[in-house]
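Have the sequence and the model at hand as you read.

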Amino acid sequence: MTVAVVGAGLAGLSAGWELNHAGADVVVLDAGRQPGGMIVTERRDGFIVEGGPDGFLAAEPDIQELAREVGIGERLVDQVARGATVWTGRRLEPLAVGRAAEVLGIQGRWDVGAQHAAPLHGGFTTFTTGMADVVEALVTCLGPRLRTTQGVTAVAPSARGWRLSFTGGSSLDAEGVILAVPAWVAARLLAGLGVSAARSLDTVVYAPSVTVSLAYRADQVPQTLEGAGFVAAPDSGSAVRACTYAWRKYPNRAPDGYALLRAFLGPVDGDLGAIAHAELAAILGIERTPVWSRAFHWPRGLPRYPRGHAERVAAVRERLARLAPLAIAGAGFDGAGVSACVRSGRAAGRRVLERVSG
Ligand SMILES: Cc1cc2nc3c(=O)[nH]c(=O)nc-3n(C[C@H](O)[C@H](O)[C@H](O)COP(=O)(O)OP(=O)(O)OC[C@H]3O[C@@H](n4cnc5c(N)ncnc54)[C@H](O)[C@@H]3O)c2cc1C
């Protein structure tokens, strides 16, 4: 009995882990060349550069439990510098703990429901050599069961359960399927199957954003920076919406003698490294140009859930429960945080396993 997981972001990899661990025959398929989805860690010249998520709340258990299960529990590392300031447009002012997300307009601390909201006072946690540590561990566990450059174009009923069609024309039959893809992809695949309620999943809006990492020599950056970063007040007029002092927030993000900043920009045209540097130089008092800068584009980044989202997802799940084993998982449905994605993926794995073996 084969279960196909579509999407090898953290949710899909977690679903794959759950199924593989339970002894199911699983195959995890991703359209891209690299697994991990929004988790993109680049390691260069002693720097650890995160293009997507850089950590999670220390109080969120799911990703940490998974890390321990896949044998990388000792790679969990806690935040060092704490606290944030707010850039008013004129100066940096202290910001109360937990208000950064509010200033940025990010929903529920990466999470959909208050029932899962973890306390902020415990700070954040990451992995020794970046968020890709957990992706790499899962990829190792899955081995050849993970296949990249496998874009799924359609899901249709088959005698065995489901038939997946791929870009290029090939197909795969499976008893169970987990769609661990963004909401708009799931909406399209499920609507093609006749689950018309799934069209409503397209109402999840993925906000575009850009992150720019900038490396400086330590002596270019004032020693007086406070906390782990700043957020910009919406009326500050700043293209930089937030900045993490990455080399102070977590250990070993930059080699000795260097500093690493990460700026979050709204949609903006031009040389992003130059724009980020110019603003950071003015706000933080940085001297001279960066050693290097690296921009990561997220045309569809963090999901924002419209009112009634949880009810719409529940209605789709109710409809799917009447079909052959088929589940949805991931940030588009159950919360944008990496820990919520692990929880969502593993829960989908268990649900489908129960159905295919029941
Ligand atoms: C800039 C940025 C910063 C963030 N920071 C944080 C943070 O600090 N902490 C935190 O907790 N969260 C953070 N997040 C959110 C978090 O990273 C994501 O919500 C989470 O990683 C999403 O995981 P996922 O598996 O649900 O989806 P994705 O990572 O989007 O994975 C979906 C996968 O599906 C594949 N796919 C799509 N269509 C198909 C198809 N037709 N066939 C096959 N495969 C397909 C894609 O290639 C992709 O690999 C951040 C996100 C961004 C963009």
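How far does a backbone N or O atom of G55 lie from a nitrogen atom of the ligand? The separation is 2.8 Å, which falls under polar contacts, meaning pairs of N or O atoms within 3.5 Å; within protein, one must be able to donate a hydrogen and the other to accept it, and residues adjacent in sequence count only if both atoms are side-chain atoms.

Before going further, please note that this is a predicted model, in which local features need pLDDT of at least 70 and side-chain atom pairs count only at pLDDT 80 or more, while totals for chains, interfaces and linings use all residues. Residues are numbered from 1 along each chain as its sequence is written, and side-chain values use heavy atoms, with hydrogens and water left out.

Back to the ligand: 33 residues surround it, each with a heavy atom within 4 Å. The closest are D30, G55, A331, A336 and V338. V338 places a polar backbone atom 2.8 Å from an oxygen atom of the ligand, and a polar backbone atom of L10 is 3.1 Å from a ligand oxygen.

Now step back to the whole chain. An automatic or database assignment sets the domain bounds, giving domain 1 (2-37 + 133-204 + 306-357) and domain 2 (41-55 + 78-127 + 208-298). Twelve residues from domain 1 and eight residues from domain 2 make the contact, with heavy atoms within 4.5 Å. Between them the domains bury about 810 Å², 57% of it on carbon and sulfur atoms; this is the accessible area (1.4 Å probe) that two parts lose on being put together, summed over both. On the domain 1 side, D133, V338 and R343 lose the most area, together 42% of what that side buries.

The interface also holds two salt bridges, defined as a side-chain nitrogen of Lys or Arg within 4 Å of a carboxyl oxygen of Asp or Glu. D133 and R43 form a salt bridge through their side chains, at 3.0 Å from N to O.

The same rule gives a count of 15 salt bridges. One of them joins K249 and D54 at 3.3 Å, N to O. K249 sits in helix α6 (residues 246-249) and D54 in the loop between β4 (47-50) and β5 (56-57), so this pair ties together parts 195 residues apart in sequence. Helices (H or I, at least four residues) and strands (E, at least two) are DSSP runs, numbered from the N terminus.
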